[in-house]
There are 2 protein chains.
Amino acid sequence: MDSAFAIADHERYRDHTVELPNSIDLSHHLSSLAKNRQSSALKDLYRYAARPGMIGLAGGLPNPEIFPFLELSAQVYTHDALGITPATANVGGGGGGGGTGSDAQSMVKKPSFFEWLFGKKTTTETITIGKQPASASPLDINLNTLLQYSSAQGHPALQAFIREFVSKVYQPAFADWDVLLNIGSTMAWSHVVFMLLEPGDGVLYEEWSYPGAMNTASPLQTHKVSIKVDGEGLIPEDMNKVLAEWDEEKRGFRRPRVLYTVPTGQNPTGATMLAARKKIIYDICVKYDIIIVEDEPYYALYADPWQSQKHQPKQIGARYADVEHHTDSKDTDEEFLKKLPPSYLKFDYQGRVIRMDPVKKASYPDFRNKSAALVAKLLAETWKYDGYIRWLRGIKATYAMRRDWMCDLFETVFHLEFDQTLALSQHIRWVTAYERTAPGMGGAGAATIMDEKRGFKSNKAIVSFVPPTAGMFVWLAVHLESHPRFAQIKDADGPEGVNKMLYELWTELAEKNVLVSPGYFFDAQPGVPHEGTENFGFFRLSFSMANHEQMESAIKTIYKVFVSFFQEK
Amino acid sequence: MDSAFAIADHERYRDHTVELPNSIDLSHHLSSLAKNRQSSALKDLYRYAARPGMIGLAGGLPNPEIFPFLELSAQVYTHDALGITPATANVGGGGGGGGTGSDAQSMVKKPSFFEWLFGKKTTTETITIGKQPASASPLDINLNTLLQYSSAQGHPALQAFIREFVSKVYQPAFADWDVLLNIGSTMAWSHVVFMLLEPGDGVLYEEWSYPGAMNTASPLQTHKVSIKVDGEGLIPEDMNKVLAEWDEEKRGFRRPRVLYTVPTGQNPTGATMLAARKKIIYDICVKYDIIIVEDEPYYALYADPWQSQKHQPKQIGARYADVEHHTDSKDTDEEFLKKLPPSYLKFDYQGRVIRMDPVKKASYPDFRNKSAALVAKLLAETWKYDGYIRWLRGIKATYAMRRDWMCDLFETVFHLEFDQTLALSQHIRWVTAYERTAPGMGGAGAATIMDEKRGFKSNKAIVSFVPPTAGMFVWLAVHLESHPRFAQIKDADGPEGVNKMLYELWTELAEKNVLVSPGYFFDAQPGVPHEGTENFGFFRLSFSMANHEQMESAIKTIYKVFVSFFQEK
């Protein structure tokens, strides 16, 4: 289940119990490359092969009897192994791995993150795949078939599982959709790029976007066209303006026909787009005949907003109790699904949405590194649909807890001010972190005192961020204007000077053993000013890997380095 | 080990114990697409991540603690599980699977092909991969690392294994080669296509070639330029002529710069090219600055030529004793390797050879369907280099035996005449099969009688073939001229009429439950006459899957159908 492509295949999969339109003809979007693809003549022959009694001397398949693998087995978590009500985060935290490079080492000795998080409750089971088929069903999972299997659509059992998931969870608004399995989202996006784009075409991206996706399209010398974002993602007004005012002559290329977007827990900004705005964006795409490619690695991680501990002090466990029943039942699974923002597919009555589900990020490894056989066995036969939903709830709870760790630590170490604009949705309300002016910064006790004495804060805003509701990232907007020489540097060196300031800050953090991602890695149009945020520098902080202790140390270091940086003469 | 790309990487891997030249600069071959590729900016950051004590908030990796797989294990054959001295093929044969479509079913009940072939001697062992690393070595194979691993080069342990294999077995003639892992040969070839070709470029193919490869290049609207072949593959004189007389204006595109070739057990012709001719082809490629892409799915299947049972009647086991010691030792492994035709890499002093090793065909499943973790564990840690060589010997023996089954059955059922031209290498000597004029065709007894009474044969040549020394295919040249209405059809309808005759014959076989591949599936330049073989129609017969009983039934059916076809009024 690496990518669910919504592709027209009239009638084949039509669900006659619902009245949905078929997709419209969008074949004018196909690139000349795609139009020139030929299907293999050999494959025409396969349909004869199924005839009973047929002696097959036609295929060039290797003899499965001499494949060296006779049986595969795996010890896996049961679908309900992950708790959905994490305990308080004030516990120091066990293993869980540190930096990207040193995980392997740090995990050899330390106790499992799970032992701390869920006690000794985690349950496992063993799945086994034999060499010989147990039945003649095409859904049978066995090594002889799987090791040969060469359909572009993947194993039938996994196909069936994904179709059930797409139909129940995403609920496309057109009838004739199909799914294709890919070996990773980069590969899936690469296929889409070559299927839809001509050399020199434009692609619409969030103004801060995932470099891996943008690089995939760069060999075709595509132009990146950035759309402004806020804490809920793409801003419809800006998207509409860019498209309505498109001047092909001035731009040098035709109006873009493809939008690449990460609607949930966007990388790097962490923004999540909800239903209302998605509907508006979809309608704009209909108006301008745009194909929407939604890349959703963090979809199931969507959780309720972070709640300030100071303004509404509660145990984290108690918070969760407010927003979600922590019982295991079909009802609570349903509740979990209902809370998820709808996919663009839900609005897609024309078949112009291609959804990519690179589930590796959230739930299990992708097909490049893991056996499709075992994934099929685990999902389609062991966990099944209900079990997978329950597993996703555990994943969601885990990342939500880690998000809370990071936001809580910002609140403990910095002085936070909350945007009080009532008109704004919680999703786009910024939190601004200030330097503390009193001694004893950091530490839970000090923080509480500070909170009671509002006004002690310095007027130096250091960073702002929107606490994310999904994904793995906090997108820090650094108030560079708080730097005494900012105006001078900006006047003298422009955006390059600003980037240089940010790079110095980044290096200083790295020297103090905190590695973050500089925002300009993600700039969809480097050199073009980000209107409204020109005086900010951005850092992306990931909360997926560090344990609580490491995270606390990192946020304290960030505080010290930033405060010192802004005091620079 | 799906593809060993010979790519210049000066010094990194230089072996200072041998004096080999570095590759020459061939970067002018890169396509504009390849030149426009950008490396990910994010990846620059990874080098900081290894610093001890670093707290990583930069990467966007999922937390490995919540991957559902805790331990993988597999029951595998030991490296010496396959015998290298197959017993007589006159045994009726057990399972082994029938047609492409019905394998699954037929294998449920039947005894293992191995039980019959090697008695109960087959030995297995269990390999296990745990979640946590056992050491901090980058070569350590563990799930936490493998499930994350995202290097384009694949797991370090598998990399190291492949480097050892390439260096010992292929022995490239230049120093600075490198290997890349791909998820399959089609994907590898696709990468090469987009790396080297501009839209509309020409590619050199064997005149009969693998459609999957040709289709992969077709989206770029490449032109197929076919080179004539004989039983040893590409004919150097023809290749030289095509290139020397290249008329860009007349052809409409520049002289091809890329050769796609399958040198060993070529698909579909079964031809294998030996050292002397390879050297000539390589020199032609140097002269015309051509990149050689050698696709070698059947490399390790290279065996000694088929020996007629009638002319030199022997037990198959005894034949093998003649040509290879059947003991397990380093010496006999060395002997096996020495017999293999050299790779083009062995002659490649410039770095213009890209070798693709889609080992799935011969030895184990590819990375799309099987865990790279398990493959790494099996090859790099369990079998290791020596064990893998021994495993390949077993694979070779298995397919050589199946080749012998098919050729022996042709000899039993048809009347064979052997080309007696002494000047010809055994590799390109055709065998021609005639109708028998005596009653009681087929059956071992009848065949022996027939053999004693040479001259009984009809003068109707039916099919010719070169008994293959590698691969999985017998390439049958059907003597269409033996058909009473051939001249008439050819005059009236030209090549189309000839194809129609072949299609009728193919359908008749399919109706009688024998499925073969029509040769025109593999035609590199449909419509262009195959000089010298215009009066033949071709079928590709695979001997990889059918068991002996099925194969015997198929060859008898082929005899009956062909004889009847040529008697047609």
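**Before you click.** This is a predicted model, where local features need pLDDT of at least 70 and side-chain atom pairs count only at pLDDT 80 or more, while totals for chains, interfaces and linings use all residues. Residues are numbered from 1 along each chain as its sequence is written, chains are lettered from A and ligands numbered from 1 in the order in which they are written, and side-chain values use heavy atoms, with hydrogens and water left out.

**Stop 1: the sheet.** Select β11, β12, β13, β14, β17 and β16 of chain A: in that order, these 6 strands make an open sheet with antiparallel pairing. Helices (H or I, at least four residues) and strands (E, at least two) are DSSP runs, numbered from the N terminus. Two strands pair if DSSP finds at least two bridges between them. At the edges you'll find β11 (415–418) and β16 (517–518) of chain A, each pairing on one side only.

**Stop 2: inside the sheet.** Now pick β13 (residues 461–465) of chain A. Buried or exposed? It's mostly covered, with 5 of its 5 residues buried (buried is under 20% relative accessible area, exposed over 50%, partly exposed in between, with a 1.4 Å probe and protein chains only). β12 (residues 431–434) of chain A joins β13(A) through 4 antiparallel bridges; look for Tyr434(A) opposite Ala461(A). β13(A) also pairs with β14(A), over 2 bridges, and there Ser464(A) faces Ala477(A).

**Stop 3: β14 and β17.** Select residues 473–479 and 536–542 of chain A: these are β14 and β17, paired antiparallel over 7 bridges. Phe473(A) sits opposite Ser542(A).

**Stop 4: a buried charge.** Click Asp523(A), in the loop between β16 and β17 of chain A. Asp523(A) is buried yet has no salt bridge (a side-chain nitrogen of Lys or Arg within 4 Å of a carboxyl oxygen of Asp or Glu). What does its side chain reach? The backbone nitrogen of Gln525(A), at 3.2 Å. Leaving aside neighbours within four places in sequence, the contacts of Asp523(A) are Glu207(A), Trp208(A), Met214(A) and His530(A).

**Last stop.** Jump to Gln307(A), in the loop between β9 (291–295) and α12 (316–323) of chain A. Why does Gln307(A) count as partly exposed? Because its relative accessibility is 25%.

Methods:
Lys, Arg positive; Asp, Glu negative; His and termini not counted. Polar contact = N/O pair within 3.5 Å; in protein donor to acceptor, adjacent residues only side chain to side chain. Contact = heavy atoms within 4.5 Å.
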